[in-house]
Amino acid sequence: MAYQERHNWWSDGWINVVAWRERHIGERTFVVLLSLLVGIICGFAAQLLKYLIHTIAHALTAHFSATTVNWLNLVYPVVGIFIVTLFLKYIVKENISHGVTKVLYAISRRKSRLKKKNMYASLVASSITIGFGGSVGAEGPIVFTGAAIGSNIGKAFRMSPRILMLLVGCGAAAGIAGIFRAPIAGMLFTLEVLMIDLTGATVMPLLISSISGATVAYVLEGYNAEFFFSQSEPFLIRNIPYTLLLGIFCGLISLYFTKVMFMMETMFKKLNNQALRICIGGVIMAGLIFIIPPLYGEGYEAINQLLEGDYSKIVEGTFFYFDREHVWLIAGFIGAIILTKAFATSATNGAGGVGGTFAPSLFVGAMCGFLFAFVFNIIFDGAGISNKNFTLLGMAGVMSGVMHAPLMAIFLTAEMTGGYDLFLPLLIVSTLSYMTIKMFLPYSIYTMRLAKEGDLLTHEKDKAVLTILKVENVIEKDFKSVHPDMTLKQVVDIIAKSNRNLFPVIDDEGMLMGVVLLDDIRNIMFRTDLYKKMTVSRFMSSAPARIEIDMPMDEVMRTFDKTHAWNLPVVHNGKYVGFVSKSKIFNSYRRVLKHYSDE
């Protein structure tokens, strides 16, 4: 009883707070304040995630030897997956993998509403997954966490779906900015990946959230770049042809990475037994990490080694340690890293781990850029290509291709490394990589799943509005139905009571058999001699098409265009539900377009 009273007191008090805000603070001003709050909270969440990952990883690997093979690499990743599986099954009770995709789905299908437990679930699960060696990144989970924080803060203040969408973007931007200390990249992530429009109403909240998230990181970690990079070798104009080739190479590697990820994801989806998924994924992941230790965790240490120019450390703790001066062995080993990283990442997620593809794409990009320069310098003695510079360029190239986000890749790489002096080659590599993969895959690794199901919100207003509209919201159910055995007299009596000229024909089980059009029976409906002789089954006609209740709205509009109909029946597994009219869709379209375009 006391708990109920406290709950009611709190609930009533909060309602008063929200009401006071609505009376005294305008929406635009309040959104700016909320974006600041979201940014600060997400900045701390990002720092907490990094702290947990590094603490767990350090506790497990501090004693690892650099000169001998570490057998615990076979054990740690599987143990981490097992712990995460128990956490998700018994505490979260929800699949939270593919965090960025889930955010995109929430924006398009759930009016930007995310559950409260999403504010901590990914943070806990990914810190265990990565800390124990899972070959994934922390950025996808922090995007999911940040988006959930923004969504739930917005819901607490009863904000509209349009504002919730913006706050989801603010949370995601602050998460990226906080974990990478890259505020510009954080904002660009929401524009290119989450596809939130940059307008007068969105630019300031997104900037404020990104800057506040990054500021928290700078205060707690110091004003340093995420990766140490010192440009000791200037970029030479004569290296531009190599830069062009690197961009194409990164695009092709991005294509390979994406294809392998989806192939493995499809394979794991077919495994209905969780224990079997853990076993298969664990064997693949642990086996690869054991043979190729740089695949352990996020791989940031290996990236730093390449950016510092000390590539010989890549083979530390492997079977190849004593041959580290053999240049072709180094090249082959790094090539193996590039080819196997996608398998290790997808096996981690497929087995039940929680992690993103940001870090893996950066990791593969760094390896690609280094391998490209390294091999060209071996083959063409004196080519003069900087291994360090091309390592950085490769990071932007593969990220651009995998995520279909060239601007974000450019600024993220520059902000993480401080490599602003390489801005021109960054532009070249990132753009060419994006153009290359775009010829083969129209969607990014995040959006492909939703695009196939018609749930993808895009920058194109027409497609975005059609994605938001759902068939179930525009169904009209005031059509009077008739039965196949009804006589003409019974139909005429129904027509007299209806203000429609269309009547669905339904059998005893509710299945749609056809339709009766008033125009088709106008010539016989007043012939009383036929009233008892003619039945509905003799003069009904087939519907020009049927709309399934879960059909995407753009497909519904294509069906209207093909049939030239104005009304079409809606069915669910063959059972009649109602009708959808072109005029109702147009009215809803205009209303939603105005709502989401309102600044």
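Author: A term to start with: patches are made of residues with over 30% relative accessible area and no salt bridge, and nonpolar side chains are joined within 5 Å. Keep in mind that this is a predicted model.
Reader: OK. Which residues make the nonpolar surface patch?
Author: L36, I40, F44, V219 and L220. The patch covers about 470 Å².
Reader: Which helices each supply at least two residues of it?
Author: Helix 2 (27-61) and helix 9 (203-221). Helix 2 gives the most, with three residues.
Reader: And V219, buried or exposed?
Author: V219 lies in helix 9. V219 has a relative accessible area of 66%, so it is exposed, as exposed means over 50%.
Reader: New topic. Which residues touch the most other members in the largest nonpolar core?
Author: That core has 140 residues, and F180, F189, I303, F358, M367 and M408 touch the most other members. Helix 14 (residues 358-379) brings the largest share, 15 residues.
Reader: What does I303 touch?
Author: Not counting residues up to four places away in sequence, I303 touches F227, L362, F363, A366 and M395. There is also a second, separate core of 18 residues, including V482, L488, I521 and V536.
Reader: Where is M264?
Author: In helix 10 (residues 240-269). M264 has a relative accessible area of 4%, so it is buried, since buried means under 20%.
Reader: What is M264 in contact with?
Author: I284, F343 and S346, leaving aside neighbours within four places in sequence. The C-alpha atoms of M264 and T345 are separated by 9.5 Å, and the two residues are 81 residues apart along the chain.

How values were computed. Residues numbered from 1 in each chain as written. Predicted model: local features only at pLDDT ≥ 70, side-chain atom pairs only at ≥ 80, totals over all residues. Heavy atoms only, no water. Patch = residues over 30% accessible without salt bridge, like charges linked within 9 Å, V, L, I, M, F, W, Y side chains within 5 Å. Areas by Shrake-Rupley, 256 points an atom, 1.4 Å probe, with all protein chains shown as cover. Salt bridge = Lys/Arg side-chain N within 4 Å of Asp/Glu carboxyl O. Helix = DSSP H or I, 4+ residues; strand = E, 2+ residues; numbered from the N terminus. Buried < 20%, exposed > 50% of the residue type's maximum accessible area, 1.4 Å probe, protein only. Core = buried A, V, L, I, M, F, W, Y, C linked by side-chain atoms within 4.5 Å. Contact = heavy atoms within 4.5 Å.
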